Amino acid sequence: MHKKRSSIEVIVSILEACNKGDIKKTRIMFITYLNPRSFYRYIEILKSKGFISLNTDETYELTPKGYDYLNKAKEYLEIKRKLQILKKELDFNSQN
């Protein structure tokens, strides 16, 4: 069973896919493991925030604003991961 991803994790996966260059929606859905309903919900949010843009050839690309958000979100997720590890180490229930 897979752990449910947070919205930030999903957004990071979409932005990383768009960062690889011009990419079509089907490829993004495949790479990010999103169903069409979830994909369109996130894509609309990302377009409205100016993080991605839709080109005339129906491909998506990351904007400079999206690139900045991607870097900050990845940093946040890394800090969160490190804090979870630290919390496990400090958990009294797991200590002998």
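**Figure 1. Overall arrangement of the chain.** From the N terminus on, the elements of the chain follow the order α-β-α-α-β-β-α. The chain is more spread out than a compact globule, because its radius of gyration is 16 Å, well over the 12 Å that the globule rule gives for 96 residues. The model shown is predicted. Its secondary structure comes to 4 helices and 3 strands. Taken along the principal axes, the box filled by the C-alpha atoms is roughly 60 × 30 × 20 Å.

**Figure 2. Contacts and surface of the chain.** Among contacts with a separation of 6 or more, 52% are accounted for by residues 24 or more positions apart. Of the 96 residues in the chain, 30% are buried. The chain exposes about 7400 Å², and carbon and sulfur atoms supply 56% of this area. The charged side chains comprise 19 positive and 12 negative ones. The centres of these two sets lie 6 Å apart.

**Figure 3. The largest nonpolar core.** In soluble globular proteins, nonpolar side chains tend to be buried together. The largest nonpolar core of this chain has 22 residues. Those with the most contacts inside the core are Ile14, Leu15, Cys18, Ile28 and Ile52. Two or more residues come from each of helix H1 (7-19), helix H2 (25-32), helix H3 (36-48), strand S3 (59-62) and helix H4 (64-90). Helix H1 gives the most to this core, with 7 residues.

**Figure 4. The surroundings of Cys18.** Cys18 is one of the residues with the most contacts inside the largest nonpolar core.

**Figure 5. Gly66 in helix H4.** Gly66 is found in helix H4. This residue counts as buried because its relative accessibility is 0%, and the cut-off for buried is under 20%. Residues up to four places away in sequence are not counted here, and Gly66 touches Leu15, Gly50 and Phe51. The C-alpha atoms of Gly66 and Gln84 are separated by 27 Å. Along the chain, these two residues are 18 residues apart.

Figure 6. Gly50 has its place in the loop between H3 and strand S2 (52-54). At 27% relative accessibility, Gly50 counts as partly exposed. Leaving aside neighbours within four places in sequence, Gly50 is in contact with Thr63, Lys65 and Gly66. The C-alpha atoms of Gly50 and Tyr60 are separated by 12 Å, and the two residues are 10 residues apart along the chain.

**Figure 7. Two loop residues with positive phi.** Tyr33 is found in the loop between H2 and H3. Its phi is positive, at about 60°, although Tyr33 is not a glycine. Tyr33 counts as exposed because its relative accessible area is 71%, and the cut-off for exposed is over 50%. Glu58 lies in the loop between S2 and S3. The phi of Glu58 is near 65°, a positive value in a residue other than glycine.

Methods:
Residues numbered from 1 in each chain as written. Predicted model: local features only at pLDDT ≥ 70, side-chain atom pairs only at ≥ 80, totals over all residues. Heavy atoms only, no water. Rg over C-alpha atoms; globule rule 2.2 N^0.38 Å. Buried < 20%, exposed > 50% of the residue type's maximum accessible area, 1.4 Å probe, protein only. Contact = heavy atoms within 4.5 Å. Areas by Shrake-Rupley, 256 points an atom, 1.4 Å probe, with all protein chains shown as cover. Lys, Arg positive; Asp, Glu negative; His and termini not counted. Charge placed at Lys NZ, Arg CZ, Asp CG, Glu CD. Core = buried A, V, L, I, M, F, W, Y, C linked by side-chain atoms within 4.5 Å.
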